[in-house]
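Have your viewer ready and keep the selection tool at hand. We will go from stop to stop, picking residues as we go.

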Amino acid sequence: MKDNLIELLKSLPEEIWHSEAVSIQPIRDDDDLWYATVECRLYPEQEDYVNPAGFSIGRAWLNPGNNLPCIIRSSQGQRIGYIVLRRWLGGGETSYNWSFYLDRDWQGQGYGRAAAKLAVKILKTAAPDIPIKLSTETDNEKAQRLYLSIGFVKTDEMDGDDYVFAMYTAHRLNLQYDPTADR
């Protein structure tokens with residue numbers, strides 16, 4: 001399949017990009033870019049688990065048809081995290097992927113789960129038949145629990161030394177936000 005992921009995403013109606021708790025919006029100005037690359041901070045022990053926003057934004061600049069850097073916002077409009085929606089770089093079938101993190105001040109409040117569910121909703125609305133694959137460090141148990149709890153399955157595939165999780169359909173996924181989940 002030779003689709004352009006960004007064209008598919010940009011064709012989605014605005015309401016697909018919002019949930020009760022969060023919204024995902026493509027980086028649109030210098031303030032968003034500054035937030036993603038400088039202000040959005042992780043705890044030091046989390047930094048090895050995700051690519052820095054600057055790396056992902058650079059990748060998007062080199063391959064703009066398959067990477068969409070975005071800001072995660074709370075329902076009140078505050079910037080709370082960063083996500084890049086992209087094509088899976090691993091071999092095999094066409095798949096989509098994301099990498100995301102929340103600012104350390106917004107973690108533990110259900111926003112990560114809400115953002116992950118919203119990312120699934122966005123990607124599955126854009127291309128319902130395309131699998132979503134996510135990789136995570138073998139010792140990142142928090143991410144693994146999150147992915148399993150929202151309908152991903154751990155595969156036998158490895159991405160280097162990272163575990164790979166996949167979602168092939170969204171029919172069993174409850175895309176409603178539960179503010180008490182994952183606390």
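Select Ser-23 to begin: this residue sits in strand β1, which covers residues 22-26. In this predicted model, Ser-23 has 6% relative accessibility and therefore counts as buried.

Which residue does Glu-93 form a salt bridge with? The partner is Lys-133, with 3.4 Å between the closest N and O atoms. This pair ties together distant parts of the chain, as Glu-93 is in the loop between β3 and β4 (96-102) while Lys-133 is in strand β5 (residues 132-136). Glu-93 is partly exposed at 40% relative accessibility, whereas Lys-133 is buried at 4%.

Next, pick Arg-28, Asp-32, Arg-73 and Arg-79, which are linked in a network of salt bridges. Asp-32 is buried, at 1% relative accessibility. Its closest N–O distance to Arg-79 is 2.8 Å, and that pair spans 47 residues, from strand β3 (residues 79-87) to helix α2. For Asp-32 and Arg-28 the corresponding distance is 3.9 Å. Arg-28 is exposed, at 53%, and Arg-79 is partly exposed, at 27%.

Glu-47 belongs to the loop between α2 (30-39) and α3 (53-62), and is partly exposed at 42% relative accessibility.

Finish at helix α4, residues 111-126, which reaches 22 Å from first C-alpha to last. Because 14 of its 16 residues are buried, α4 is largely enclosed by the rest of the structure.

Terms used. Residues are numbered from 1 along each chain as its sequence is written. This is a predicted model: local features need pLDDT of at least 70, side-chain atom pairs count only at pLDDT 80 or more; totals for chains, interfaces and linings use all residues. Side-chain values use heavy atoms; hydrogens and water are left out. Helices (H or I, at least four residues) and strands (E, at least two) are DSSP runs, numbered from the N terminus. The expected span of a helix is 1.5 Å times one less than its number of residues. Buried means under 20% relative accessible area, exposed over 50%, partly exposed in between (1.4 Å probe, protein chains only). A salt bridge is a side-chain nitrogen of Lys or Arg within 4 Å of a carboxyl oxygen of Asp or Glu.
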